[in-house]
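User: Could you take a close look at one buried spot in this model and the loop around it, and then at one helix? I'd like the cut-offs spelled out as you go.

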Amino acid sequence: MKIVAGMGCIDDYIKLVKAGADEVFCGYVPYEWNKKYGSLFPLNRREVLYYNIQINSLEDMRILKKMVDFYKVPVNITFNYLYYLEEQYEMIANIIKDLISIGFNDFIVADIALILYLKERNIKCSIHLSGECAELNRFSMEFFNKLNISRYIFHRKNTIEDMKSCIRSNKVENLEYEAFILNERCHYTGAFCSSLHCDEMIHLCKVPYELLRIDKNESSFCEVDKRIESYYKDINDKDKEELYIENQSDPENEYGSESEEGMEVSYFIGETGCGLCSLKKLKKAGITHLKVVGRGNSIENMEKDIKSLKKAIAILDNTEISETYEEYIKNKLLDGKCSGQCYY
């Protein structure tokens, strides 16, 4: 199984490769697109301008291609917004043609209409069907096979049994299948999520929630108010605690520091989503690629994620350990510290 890692800027490519990534994926949003449509109508589900989550110039993409030629680790480019306006398809097709002319050929697409548009315009490229498209069963895959999909990316809500059934029922040979393995576990299915992923607001999928029955009587609403107050109090307390930890890491710095020790405190394997214990089942199901989500994540944490995943794959390939793989991962790799954010 190969590791596919998310990248926010070209400066991170070499670090991801040296950490052990077999493939990289990134977003590309040229200035012309932002000028006309702004960040609220993105090309790839990241409504962001102010931190490293997109590549924004064709010149940077040319530099990235030189890196790819040297390190031989391919880059896939995301165009996985759920839908586009009719007027936008021609512009997107031209952007993709520019990238193909540089040497990029693999694109992650969610919108079926865009896939059809590229096919009708005879734009030859490799399409990875995004998990945002929500392919759910073997019947939908039979339909997508007609569109020359080269890789299916299962979304977060596909169980391992779902994946196995889809893969074994698919009659087309030499296809690739990708599953989420680390980070950004979400209670939404991407295709049905209308949340923004922007600079100004916390992502809706990261807001903690609790199911609570609300009756018609007023007392239930009072209970809701109390819990909301408690939630914000907990956030304030946590912020104070984190600030205290940063200050302790460097006593001479009044405002804390970005030291390696400070980063060690904040890193936890699979803190926002983990599937390491399920690697054996995923391999048996036929998964060929494992997605480490990471656009916008710190490069230090991404390097650690990739190294941990590479170690987990090596453990799985060790025939002496493979029989007790799950137990070994929990006790040795995770050191008994499970995040509880299990994908599968």
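Analyst: Happy to! "Buried" here means under 20% relative accessible area, "exposed" over 50% and "partly exposed" anything in between, with a 1.4 Å probe and protein chains only. This is a predicted model, in which local features need pLDDT of at least 70 and side-chain atom pairs count only at pLDDT 80 or more, while totals for chains, interfaces and linings use all residues. Residues are numbered from 1 along each chain as its sequence is written, and side-chain values use heavy atoms, leaving out hydrogens and water.

Let's begin with N158. Its relative accessible area is 2%, which puts N158 in the buried class. N158 sits in the loop that joins β6 (149–153) to α7 (160–169); helices are DSSP runs of H or I with at least four residues, strands are runs of E with at least two, and both are numbered from the N terminus.

Now for the helix, α12 (residues 325–333), where Y325, I329 and L333 are buried. Viewed down the axis of α12, these buried residues fall within an arc of 40°, so they line one face of the helix; the arc is taken from the directions from the helix axis to the C-beta atoms. The buried residues of α12 pack against α10 (279–285) and α11 (299–317), with contact meaning heavy atoms within 4.5 Å. Just after α12, D335 adopts a positive phi of about 55°.
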